[in-house]
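I open the notebook on a structure that is new to me. I will look up a few places, one entry each.

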Amino acid sequence: MCGISGYFSRSTQPAASQVMLALYAQQHRGQESCGIAVSDGKKLRLHKEMGYVKEAFSIQTLEKLSGFAAIGHVRYPTRGASAICNTQPYLIETLSGPIYAIASNGDIVNYDEIANELRVKGVHFSSKNDGELLGRFIVYHHEREGMEIVDAIKLLMKRIKGAYSSVFLTREALYAFRDIQGFRPMMFGRVGDDIAIASESCALDILRAREMREMKPGEIEVITRRSERSIDTEQQPLLGNTPPRLRHCVFELIYFARPDSTQFDEYVYDVRHKIGAKLAEHDDFEADVVVPVPDSANFIAMGYANAKNLPMHLALIRNHYVGRTFIRPDQYTRDESVRQKFNPLKDFFTGKRVVLVDDSMVRGTTIRKLVRMVKGAGAAEVHLRIGSPPVRYSCYYGIDTPTRGELIANRMSIEDIRTYLDADSLKYLTIEDLQTCVHDSSHFCYACFDGNYPLPRDTQRLIREKEERQTTSG
Ligand code: SF4
């Protein structure tokens, strides 16, 4: 997942502080590490650390990051180890010093091919991260081949397959660009005469931005002190035999985004509410109470409860200081987090027929413990409702889903999953029902549910190679 931000100040607002606020609002998109790079017109400076934004950026640290343009990143890892060398933004050194920086959200499908091409030309990498690849691609073509930066980004869009919503900083300018299929979100807004960019609209709300809009897939924004340009690259023909151009990640709406964000022209809370109502449509058993797995299932449960005219109670209390279990990088911390994260309010469960609602199920680790916890709190029955279709395939567009073999819905039938979880009943949302919850279902990616990876046919082999590598590396 990851979250990005960019800020170009034409006022007295310090850019780094504005980016810090935007990152703070997007902490849910990545908790492993964070960083901010800033330009004062002469050189770029960078501060990055493992951990949370509020701990990484003290007032003293921000004072050292003076400048009029800044970019920032919160990371959750998809490629590369959990280490400071893989954190973003990347500062790219040249003979003139550190004069470029990049931060990106996404995942590059043909990473190896492009990285090897650049290595042969003498480009060195200090990490295995996609953001660095994008940055070095641009800088190589600008510095060594004499291309304008905008032309280097256009070439990048032709050559690099996958998901990337990115901000690129030079001494004078801030660039923002988004892959041509629009997998990951990216918002643009104005704060007075300043420009703010962020993954989610909730971050721009914090900055009191106005004229907010979603950046178009394939769009490049170039912002300097004196000018501002939006270039719509219209790269559709490059996709050749791919079906429709847009492939927004539907999981952003189901799980990742904050409910107060607007994404892909949808209100996130509203989509979740509709999902809950859809789940309820097919149920005709008697229940006493609806309980969400907080927080991302809250609106789904509300939609379910409203449709069934049942009470909804926030009866699982979440410790907000533990972090999101799904985005913890290893199994041990994930297991520990589940136990430490939830505590049931027993009065709401004792003797009750409970509809327990979650947004999705990946490994089944968390929900199995929760079903046990709810039964331990006295529930007479636990009926599990999942606000997404079964996740059967890995994601290669910026979400750290595990290998196929680790996905519970890939290994087991629905009935076997129900038995494994010890639930009295289990139902998932269907893809067809999910598609009725968004305005234009043809604009979305559903590959983790149906395995239909949205790439031109000639690049489908890259996905197969990735899967084989995952299988052989265990
Ligand atoms: S595969 Fe799933 S998680 Fe990945 S971009 Fe597509 S919908 Fe989103």
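Entry one, the hairpin. I started at the hairpin of S2 and S3, where Gly41 takes a positive phi near 100°. Four residues lie between the two strands. I keep in mind that this is a predicted model. Next I looked at the pairing itself. Strand S2 covers residues 33–39, strand S3 covers residues 44–50, and the two run antiparallel. I found seven bridges joining them. For one pair I noted the names: Ala37 has Leu46 in S3 as its bridge partner.

Entry two, helix H1. Is helix H1, residues 15–25, enclosed or open? I find that eight of its eleven residues are buried, so the helix is largely enclosed by the rest of the structure. I wrote down the buried ones: Ala15, Ala16, Gln18, Val19, Met20, Ala22, Leu23 and Ala25.

I located Asn86 in the loop between strand S4 (69–75) and strand S5 (90–94). Is Asn86 buried or exposed? Its relative accessibility is 4%, and buried means under 20%, so Asn86 counts as buried. I also followed its side chain, which reaches the backbone nitrogen of Lys128 at 3.4 Å.

Which residues surround the ligand? I listed Arg184, Cys249, Val250, Phe251, Cys395, Tyr397, Ile399, Cys445, Ala447 and Cys448. By class, I have nine nonpolar residues, no polar ones and one charged residue in this shell. I then checked which helices contribute. Helix H8 (250–256) and helix H16 (447–450) each supply at least two residues of the shell.

Conventions:
Residues numbered from 1 in each chain as written. Predicted model: local features only at pLDDT ≥ 70, side-chain atom pairs only at ≥ 80, totals over all residues. Heavy atoms only, no water. Near = heavy atom within 4 Å. Nonpolar A, V, L, I, M, F, W, Y, C, P; charged D, E, K, R; others polar. Buried < 20%, exposed > 50% of the residue type's maximum accessible area, 1.4 Å probe, protein only. Polar contact = N/O pair within 3.5 Å; in protein donor to acceptor, adjacent residues only side chain to side chain. Pairing = 2+ DSSP bridges.
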